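Hi,

Here is the structure I promised to pass on.

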Amino acid sequence: MDRLKRGSRRYAVGLMSGTSVDGIDAAVVEITGPPGGSERPAVRLAAFENRPYPAAVREELFALFDPREATVDRVGRMNALLGELFAEAALSAIAAAGLAPADIAVIGSHGQTIWHAPEPQRYCGYGVAFTVQIGEGAVIAARTGVPCVSDFRVADIAVGGQGAPLVPFTELLLYGEAERTLLLQNIGGIGNMTVLPAGGTAEDVFAFDTGPGNMLIDGLVSKLYPGLTMDEGGRIAGAGRVDEGLLGELKREPYYALPLPKSTGRERFGAAYVERLLAYRAERGLSNEDLIATVTRLTAWTIGDAYRRYVRDRYAADALIVGGGGSHNRALIGMLKRELEPYGVPVLTQEEAGHNSDAKEAVAFALLADYAMAGLPNNLPSVTGAVRPAVMGKISHPFRP
């Protein structure tokens, strides 16, 4: 019997690996109600796990972010290996939920982005835009015995979209309210904001990448503090002072003033950017703590600037809800609260709003996969800039003799 026809209740797994490359998030969710129905589906988190990448895998992934290093053999090998690791993460989370693979209707896997180039460039007479996520869905399906939906972004890019951000589709389903305008701010490697106007429809929602989230912080911590990969709890930033001169220079980054829709990634705020920051530190004699404090303040400023530039005059927000790894950085959250305080916008974490910061994006890809399996559009053209709705995701079916 088709797993999707067992009734209105079904289980799905979402797998997520973001720009911070910390590891694989795996969420098992119970979904009640048909996708695309007049009523929103009810979603319950049944289990969540994070599996850190082995050090050698994380090192190789960072190498593949450099196109000079990303040879076809290395990309192909890592694509298959990540499929294995994603499958293990899915099976572990399924067991943690007290379920068996046969109970799961679908797995939705974001994969690991190694390059994102959504702006069309002329090539051989065509306007070519592309994005590359690895973590082979066919391997995930074969190892788990569960259909896997993967490689979501390309379908949106094929119809003129940015292929990002994708999570706002599910945020409207899960968070939209009739009376309050909410801002949902994810702070992963990159920061992104979703605007949910009070009582709004899919056409009213808009979202975009605000700029660096944890990417610059993590990159600097990894360089300056051997053995560390992040500023846990914001302790390093909390011990430093913001260098206003450097902050002023960083604010002039052209990305912040680009029109919507827009998205960005490691191509702009990755290793080369971190090296420039380290050079500035050497020239100005900044302490490690002051440099980390300054880039942490930059992340908070980009979110406030985005609200002022793109949102405030259209919709006065009633609250901003923060998710992702950055929600655990107390120094960053404190700076963000001060950034939005003049506008009367309270800042809450996902936990304070009754949700789970770490699981949020994995839950989203479980829902996106649920829609893909039903053959229903799961992008928001108002967000990505696509010319029409699209069914995102490539489906790999396991063979059952």
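**Rings, charges and a surface patch**

The charged end of Lys 262 lies 4.3 Å from the centre of the Tyr 255 ring, sitting over that ring. Please keep in mind that this is a predicted model. Tyr 255 also belongs to a cluster, linked by ring pairs, with Tyr 256, Phe 269, Tyr 273 and Trp 301.

Searching the whole structure turns up 11 aromatic pairs. One of them joins Phe 206 and Tyr 315 in a tilted arrangement, with 6.3 Å from centre to centre and 35° between the planes. Phe 206 is in strand β10 and Tyr 315 is in the loop between α11 and β11, so this pair ties together parts 109 residues apart in sequence. Phe 206 is buried, at 6% relative accessible area, while Tyr 315 is partly exposed at 22%.

Tyr 256 and Trp 301, from the cluster above, pair edge-to-face, at 5.6 Å centre to centre and 80° between the planes. Tyr 256 sits in the loop between α8 and α9 and Trp 301 in helix α11, so here the parts tied together are 45 residues apart in sequence. Tyr 256 is buried at 2% relative accessible area, and Trp 301 counts as buried at 10%.

Back at Phe 206, the charged end of Arg 314 sits over its ring, 4.2 Å from the centre.

Now for the surface: Tyr 123, Tyr 126, Val 128 and Phe 130 make up a nonpolar patch with about 460 Å² of accessible area together. Strand β6 contributes the most to this patch, with three residues. Tyr 126 is in that strand and is exposed, with 60% relative accessible area.

Best wishes

Definitions and conventions. Residues numbered from 1 in each chain as written. Predicted model: local features only at pLDDT ≥ 70, side-chain atom pairs only at ≥ 80, totals over all residues. Heavy atoms only, no water. Patch = residues over 30% accessible without salt bridge, like charges linked within 9 Å, V, L, I, M, F, W, Y side chains within 5 Å. Areas by Shrake-Rupley, 256 points an atom, 1.4 Å probe, with all protein chains shown as cover. Salt bridge = Lys/Arg side-chain N within 4 Å of Asp/Glu carboxyl O. Helix = DSSP H or I, 4+ residues; strand = E, 2+ residues; numbered from the N terminus. Buried < 20%, exposed > 50% of the residue type's maximum accessible area, 1.4 Å probe, protein only. Phe/Tyr/Trp six-rings, centres within 6.5 Å; stacked < 30°, edge-to-face > 60°. Lys NZ or Arg CZ within 6 Å of the ring centre and 35° of its normal.
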